[in-house]
Amino acid sequence: MAGGGFGPGPGAGKEYPGKLTPYVLVTCVIAAMGGLIFGYDIGISGGVTSMDSFLEKFFPSVYRKQKADDSTNQYCKFDSEKLTMFTSSLYLAALLSSIVASTVTRRLGRKLSMLFGGVLFCAGALINGFAINVAMLIVGRILLGFGIGFANQSVPLYLSEMAPYKFRGALNIGFQLSITVGILAANVLNYGFAKIKGGWGWRLSLGGAMVPALIITVGSLILPETPNSMIERGRTDEARSKLIRIRGIPNVDEEFNDLVAASDASRKVGHPWRNLLQRKYRPHLTMAIAIPFFQQLTGINVIMFYAPVLFKTIGFGSDAALMSAVITGGVNVAATVVSIYGVDKWGRRFLFLEGGVQMLICQVVVAICIGAKFGVDGNPGDLPKWYAIVVVLFICIYVAGFAWSWGPLGWLVPSEIFPLEIRSAAQSLNVSVNMIFTFIVAQVFLAMLCHLKFGLFLFFGFFVIVMTIFIYFFLPETKNIPIEEMGMVWKQHWFWARFMEGVDVNGGSIELKKGDAYKV
């Protein structure tokens, strides 16, 4: 399945010498913690919006609607535009800042972009923790969004450039692991803070975002810059000595020369954004848009954002709802570790395809379970405990399927396929598309739940079928291929080859032997 008849398998092109040094490992672990801020926010925003004291203070109409009558239509309980705007304003801010982050990352380096991300997120956390009205909440969320835009733009690029190519998948997925750890930490904290007498626990939940923000801020100050970025900014001698230290061997000439060649090609590109539209970058442009688009339409953010709300709707109490979210968060972390283990062994395609099938089955089962109990009027009557447990079980299997496929690979694959001359711009586009559709899904989810009811899960299930077919036919395998040699993957692909005719891939420096793994 990993190679299939439709895409090249793992590469047997250049093999740069080098090993996984403790220096690189520590560096990548620290950098990957940039994912904590994104994960913490996803977990916190869902949990806080199910706390009665928070709703009563900022969204009294939702609170009253929820308390008025337990027999009210469960599908429509939380349908409030103001509440949704609180959650999703962050994603519009992240979209705008990722465009600015592209220029910062390219001209000033990956490190500085991470630093901006940490500082902005920290400021947003402070404002939210001390919020006294909805306006303060939304200003805080916008600053959090600016921080996430910078971090999500720079961290995956940093990891892909620092890692030895044979370990690139595992080290890059450290970013997604941090996101899942952030979600789990937020769920555990929400569970504890919701019990605080006096109803001010939500302030600790929101203000607690300062902790992951400080981790990435301090981390960005002590991390080294990537050799790719140093060369891009004309610091070639420094880049060579840094590459020697990163790879742990004295002779890095081959890789260094390829990085310099890629940088020289990059300098000839005056407008990377306009350049993205050239025919030879059609495969990259397609993936930069399609992968984040599909990642959001798996329906995962619906589950994670609103896990407490969803479980409350299914019939759990407020406390039990947060506890259920802790359980799904734990599954998320464990399954991401599976992905770290398998991504460089089994390949990206295998994980994408297996995860897609697993998610589809679970979405159909959850739709049937919720549909059978809530019907179309949204009144569940008495919900047996075993019934709720079945729903939670299948949601957990669904989360596991996402967490070892579309979750990590949605960030890994785009960050490793772009040539240097368009890398910052294309990664920015990738983050922007991700944030646009996260925003749209967050904005319309509660209204869709109100109107589509249990059919919402089938709506996302349809997109899971489409994305799985897309991966099978159009995404080549990228494991074990040096990042600056990735052009050959597209040149040998059954479909994308037509866009690469006459394109000299990295100066023609990669040689393919007869019958090697690039063959279609």
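This is a predicted model: local features need pLDDT of at least 70, side-chain atom pairs count only at pLDDT 80 or more; totals for chains, interfaces and linings use all residues.
Local features were taken at pLDDT of at least 70 and side-chain atom pairs at pLDDT 80 or more, whereas totals for chains, interfaces and linings use all residues. Residues are numbered from 1 along each chain as its sequence is written, and side-chain values use heavy atoms, with hydrogens and water left out.

Helices are DSSP runs (H or I, at least four residues) numbered from the N terminus. The axes of helix H2 (residues 35–48) and helix H7 (residues 134–162) come within 10 Å and cross at roughly 145 degrees; axes are lines fitted to C-alpha atoms over the stretch in contact, and angles run from 0 to 180 degrees between N-to-C directions. Helix H2 contributes Ile37, Phe38, Asp41 and Ser45, and helix H7 contributes Arg141, Leu144, Gly147, Ile148, Ala151 and Asn152, contact being defined as heavy atoms within 4.5 Å. Five of these residues are nonpolar, three polar and two charged; Ala, Val, Leu, Ile, Met, Phe, Trp, Tyr, Cys and Pro count as nonpolar, Asp, Glu, Lys and Arg as charged, and the others, Gly among them, as polar.

Within helix H7, Ala151 is buried at a relative accessible area of 0%, where buried means under 20% with a 1.4 Å probe and protein chains only. Beyond neighbours within four places in sequence, Ala151 contacts Gly34, Ile37, Gly117, Pro156 and Ile216. The C-alpha atoms of Ala151 and Gly35 are 7.6 Å apart, although 116 residues separate the two in sequence. Ser428, in helix H22 (residues 420–452), is likewise buried, with a relative accessible area of 0%. Its contacts outside the four neighbouring places on either side are Ser98, Ile99, Ser102, Gln153 and Trp273.

The largest nonpolar core comprises 67 residues, of which Met287, Trp406 and Leu409 have the most contacts inside it. Such a core is a set of buried Ala, Val, Leu, Ile, Met, Phe, Trp, Tyr and Cys residues joined through side-chain atoms within 4.5 Å. Among the elements giving two or more residues to this core are helices H15 (282–296), H18 (318–346) and H21 (406–417). Another core, of 56 residues, lies apart from it and includes Tyr40, Val134, Ala186 and Leu223.

Helix H15 is largely enclosed by the rest of the structure, because 11 of its 15 residues are buried. Among these are Leu285, Met287, Ile291 and Phe294.

How values were computed
Buried means under 20% relative accessible area, exposed over 50%, partly exposed in between (1.4 Å probe, protein chains only).
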